[in-house]
Number of protein chains: 2
Amino acid sequence: MENPGHTSYADDPKIDALVNETIGRVADKWTLLVLEALEEAGARRFSDLGRSVPGISQKMLTQTLRQMEREGLVSREVFAEVPPRVEYRLTDLGHELGEAFCGVWQWAERNLARIEAARADYDARKAP
Amino acid sequence: MENPGHTSYADDPKIDALVNETIGRVADKWTLLVLEALEEAGARRFSDLGRSVPGISQKMLTQTLRQMEREGLVSREVFAEVPPRVEYRLTDLGHELGEAFCGVWQWAERNLARIEAARADYDARKAP
DNA sequence: GACCGATACTCTCCTTTGGAAAGTAGGCAC
DNA sequence: GTGCCTACTTTCCAAAGGAGAGTATCGGTC
């Protein structure tokens, strides 16, 4: 034990397992990137999102949005027009998750140089 | 625009791309779970980690640890004993990332019920 | 009236990733 | 020698993911 008090997110192992499972579903690359895109812009349509999440395929965008909708992170509004229009936006729950991830983005931005240095160092040690 | 000031993590698109790439490497399920296990216990050995990260395979544990080492998140100390012993612990950088993720765990713990409800609701709507 | 374009998917094919389980190395106890 | 311990590797197979083409709808164009 090194840091008592700070680390016991859950005392009950059943809760702990549930939290782990939830994290597993929420903490993937695409979910995070879509979350960011939606935080930045309130509401977005499907292909607009596709454009603002660099590198995502349509299949993964559909899949990620469906899963986020299922978890209650985004809402989906279909307009019966032609051409069709669908708008996605964060729910309160999704917005709160975005705020929780805010610290991670700040960490990444703050430590870009350190990470780059660590990587260069590792590569130098492993393949001289 | 909905939330000016809160969302502009990066103004420079080059930095933005770098941050996104970093997030992509750091924000995967196994990295997060290993991070949590190491936050809880200071230093851990390989198979001890395997036991405390539910469901991880040895291959993924090795791979995740190597990648985390490369990013500068964990340090690896080999003891020249028999049977062999290897200890992993978080670096300062890794610890800071753990703290940044703290908010996400709290979010997950706090909102378990809401997520569960959203999921039940979604499933009921989609497959009645 | 056949054709085109716009949008939000969906389907198919193929590559990459991930899991399960067996194998490896090296020394010590027997 | 034989077996055992740990921290990996390797192999094989199943599952996830990317690329690109296909679908449905309707209004506007020629």
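How many residues does helix α1 of chain A have, and how far does the helix reach from its first C-alpha to its last? Helix α1(A), residues 13–26, has 14 residues and reaches 20 Å. This is close to the 20 Å expected at 1.5 Å a residue, where the expected span is 1.5 Å times one less than the number of residues. Helices here are DSSP runs of H or I with at least four residues, strands are runs of E with at least two, and both are numbered from the N terminus.

The model is predicted: local features need pLDDT of at least 70, side-chain atom pairs count only at pLDDT 80 or more, and totals for chains, interfaces and linings use all residues. Residues are numbered from 1 along each chain as its sequence is written, while chains are lettered from A and ligands numbered from 1 in the order in which they are written.

Five residues of α1(A) are buried: V19(A), N20(A), T22(A), I23(A) and V26(A). A residue is buried if 20 or more other C-beta atoms, placed from the backbone, lie within 10 Å of its own, exposed if 12 or fewer, and partly exposed in between. The arc is taken from the directions from the helix axis to the C-beta atoms. The face turned away from this side carries exposed P13(A), K14(A) and A17(A). The buried residues pack against α2 and α5 of chain A, and also against α2 and α5 of chain B.

Helix α4(A) has 13 residues. Its buried residues are T64(A), L65(A) and M68(A). They cover an arc of only 95°, which puts them on the same side of α4(A). They pack against α2, β2 and β3 of chain A. G72(A) follows the helix, with a positive phi near 85°.

A rotation of 180° with 0.0 Å of shift along its axis superposes chain A on chain B, with an RMSD of 0.0 Å. The same surface serves both: 100% of the contact residues of chain A recur in chain B. Contact means C-beta atoms, placed from the backbone, within 7 Å.

Definitions and conventions. Least-squares fit on C-alpha atoms with pLDDT ≥ 70 in both. Contact = placed C-beta atoms within 7 Å.
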